[in-house]
Amino acid sequence: MAQDDSSQEKTEEATPRRIEKAREEGQIPRSRDLTTSAVLILGSVALWSFGGHVADNLSRVMKFNFSIEREVIFDPQKMIAQLASSFFEALWALIPIFAVLVVAAIVGPTILGGFLFSSKAITPQLKRMNPLSGLKRMFSVKSLVELAKSVGKVLVVVLVAYLTLRMFQTELLGLSQENLESGVAHSLKIAIIATLLISCSTILIAAVDVPYQIWEYKKNLKMSRQDIKDEMKDSEGKPEVKGRIRQLQREMANRRMMASVPKADVVITNPTHYAVALKYDPETMATPILLAKGTDEVAMKIREIAREYKIEQVRTPVLARAIYYTTKIDDEIPQGLYLAVAQVLAYVFQLRNYRRGKGERPAFPTNIKVPKDMIFPEKS
């Protein structure tokens, strides 16, 4: 029978396992525009904050290098020392801005998708070098979307740049009327503010790109119903394997249970379909506990072990079924069966004393009663 095509359509949200596997392969939502925006804005803020410090230090470096003495110019060792001193002085001046840019370059990508390092993402793949695949990517819908986004970015930045220049038009024209020192300072201030404003325009681009990247990421991870079924089979195991595991677990549990039968004080039987083995030590136990139980072949095995270890077997069908259905292995018997089990154990202990030559042979109790809600029908 043909499989339903609807089960092959990727309409289902990704499962946690699918998302985890995608992260292992380096697939997480990323927005380059968000990273670019973070770097530009924080860089502009750093330039605004540390611009004066940088200008003073670089000015001092320039004065230092324009006032070199004659003997220093013709001495290679002194010139190397002069160059090294200037280099480290300029680097020290620029470190605050570099530090902010490094932080922005690290924080920007992790805002969306978090931090991730995947060796699979950087592993060379031959299929990426296939020219045909490259051509398909160039003329795909995704490429058209990226082209439209790039055109939109340029238009937004150009529009903001135009508005910024219009805003500072009067001040820019007035720079020619200022003296050199104040004109340079004023022009630098205008340049920094304009850079910050134009950088802020990238927030609009990122605000559009981030939701799109999240949507595309979820779309690429969507699964079909068959994918989900296959994943469940892989994670939980194939039915035949699970069945075999359950069978082995039952066999191990039965072996452990059978090993406890020799410790029992009495085995209560149906006598053919059911058998339960009870243990009771008045000094260490508040109530009797169930060591083993079973039906058919398991019940027969319990009876065989009881005969081998000379454990008393008592035929009480209704009580045997009540204990079998209401009590788990190694659990205490329920309160409703206290009286019935006490009658059986009293008989067994008296019989044990009789066989040791103490007292008279007890009579098996004939008035063993089980509560109505604990009476179960005979197994068919």
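Predicted model: local features only at pLDDT ≥ 70, side-chain atom pairs only at ≥ 80, totals over all residues.
## Strand 1 and its neighbours

Strand 4 covers residues 312-315, and it lies parallel to strand 1, with four bridges between the two. To pick out one of the pairings, look at Val-267, whose bridge partner in strand 4 is Gln-313.

Strand 1 also pairs with strand 2 (residues 274-279), and here the two run antiparallel, again with four bridges. The link between strand 1 and strand 2 is a hairpin of four residues.

Now for the side chains of strand 1, which spans residues 266-269. Val-266 and Ile-268 point one way, Val-267 and Thr-269 point the other way, and all of them are buried.

Step back and you'll see an open sheet of four strands, in the order 3-2-1-4, with mixed pairing. At the edges sit strand 3 (289-295) and strand 4, each of which pairs on one side only. From one strand to the next, the twist averages 20°.

## Helices on the sheet

Two helices to look for here are helix 12 and helix 13. Helix 12 takes in residues 297-308 and packs on the sheet, where it touches strand 1, strand 2, strand 3 and strand 4. Compare its direction with that of strand 3 and you get an angle of about 125°.

Helix 13 (residues 317-326) packs on the sheet too, and it touches strand 1, strand 2, strand 3 and strand 4. Its direction makes about 75° with that of strand 2.

## A pair of helices elsewhere in the chain

Next, find helix 2 (residues 32-66) and helix 9 (residues 180-221). Their axes are 8 Å apart, and they pack at an angle of about 160°. An angle over 145 degrees counts as roughly antiparallel, and helix 2 and helix 9 are therefore roughly antiparallel to each other. Their crossing is left-handed.

Which residues make the contact? On the helix 2 side they include Leu-34, Leu-40, Ile-41, Val-45 and Trp-48. Helix 9 brings, among others, Ile-192, Leu-196, Cys-200, Ile-203 and Val-210. There are charged residues in the contact as well, including Arg-32 and Asp-33 of helix 2 and Asp-209 of helix 9. Sorted by class, the contact has 14 nonpolar, five polar and three charged residues.

Terms used:
Residues numbered from 1 in each chain as written. Heavy atoms only, no water. Buried < 20%, exposed > 50% of the residue type's maximum accessible area, 1.4 Å probe, protein only. Pairing = 2+ DSSP bridges. Axes fitted to C-alpha atoms, helices over the stretch in contact; angles between N-to-C directions. Contact = heavy atoms within 4.5 Å. Parallel < 35°, antiparallel > 145°, perpendicular 65-115°, else oblique. Left-handed = near helix turned anticlockwise from the far one by under 90°.
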